[in-house]
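Hi everyone, thanks for coming. Please have a look at the picture on the screen, and I'll walk you through it.

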Amino acid sequence: MVLGKGASSSLSRKMVDGVENMVSNCNDFTVLVVDDDPVIRKLHDMHLKKFGLRAQVVENGKKAVDLCHFGTIFNLILMDKEMPIMDGVEATKELRAMGVNSLIVGVTSRDSQYETQTFMEAGLDFCFEKPLTADKISFILQELNKKN
Amino acid sequence: MDVVSQLQRQFIDYSASLHREGFVDDQFTQLQKLQDENSPDFVVEVASLFFEDCEKLINNMARALEQQQGVDFKQVDASVHQLKGSSSSIGAMRVKNVCINFRSFCEAQNREGCLRCLQQVTHEYSLLKSKLQTLFRLEQQLLAAGGSIK
């Protein structure tokens, strides 16, 4: 599967604090962060930068859907659950209905199992509790590479 | 002890006290580890965003709880939920813990309980803001003297 125009993918091993990590040095991975909390947006953006990724950030599900509707392709979408205007559940359902097959990862506060299940059933690939950490992002990138 | 070592000791001790007294948890340490030479003000920027967010959300909660005709507890809960999320992300442990209680009172539609929590969260936010401003000031003094926080 082609990861966007001119995409190339290679993995390099980097030693971080003595631990070998698989990180993608593919700067063509495109990421969308969808969260109404400016603190989370900044935090996730910084985490992604550490992995050499640049993210677009939007503050609600509708903006995410609009971006994809107008042709922007993302390899990875980090989707918050509770947002105004359009929440993560609805946005994920709409994206999947549109045929978007990006890796969509839900990011939630600690919700009930039922609420997390509802979010997963909307079409997520994975769902993690906030905030994302370096380990979780590393895992997500490994999955992204497998998918592609 | 030279000036830099003294300032470094002050910074380390103050940072340790914030953890010991429960103002911040390990998530704050993780934020500090994300800061690097490309983003030297990352922690200050995140903290500033958090404080702006706090003030906005606390005002929302206060307005919603003031409604005499009937408090919209879902609206209050939405703001508390958001504050819980961002306080958890920055490592503001005491603020987060008040939010956990606050949500229980929202669920129970207990206005008095909510008002008490609003008072507590305002108090904890003010305390934290003051503590972090002191920490950042100590950091600036250390850096100005040629020391480092790593």
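Let's start with D80(A), which sits in strand β5 of chain A, residues 76–80. Strands here are DSSP runs of E of at least two residues, and helices are runs of H or I of at least four, numbered from the N terminus. Before going on, a word on the ground rules: this is a predicted model, where local features need pLDDT of at least 70 and side-chain atom pairs count only at pLDDT 80 or more, while totals for chains, interfaces and linings use all residues. Residues are numbered from 1 along each chain as its sequence is written, chains are lettered from A in the order in which they are written, and side-chain values use heavy atoms, with hydrogens and water left out.

Is D80(A) buried or exposed? D80(A) is buried, at 3% relative accessible area; buried means under 20%, exposed over 50% and partly exposed in between, using a 1.4 Å probe and protein chains only. Among the residues D80(A) touches are V34(A), D35(A) and K130(A), leaving aside residues up to four places away in sequence. Touching, or contact, means heavy atoms within 4.5 Å. A network of salt bridges links D35(A), D80(A) and K130(A), a salt bridge being a side-chain nitrogen of Lys or Arg within 4 Å of a carboxyl oxygen of Asp or Glu. The UniProt record, an unreviewed entry, annotates D80(A) as "modified residue: 4-aspartylphosphate"; such annotations may be inferred rather than shown by experiment.

Now zoom out to the sheet. Five strands of chain A make an open, parallel sheet, in the order β4-β3-β5-β6-β7, where two strands pair if DSSP finds at least two bridges between them. β4 (55–58) and β7 (126–129) of chain A are at the edges with a single partner strand each, so one side of each has no neighbour in the sheet.

And chain B? UniProt, again in an unreviewed entry, gives residues 39–145 of chain B as "domain: HPt", and that span is 86% helix and 0% strand.

How many residues does each chain bring to the contact? Chain B gives 17 residues and chain A gives 15 residues. Two salt bridges are counted between the chains. D36(B) pairs with K50(A), with the closest N and O atoms 2.6 Å apart. E45(B) meets K42(A) at 2.9 Å, N to O, and that pair runs from helix α3 of chain B to helix α1 of chain A. E45(B) is partly exposed, at 36%, and K42(A) is partly exposed too, at 25%.
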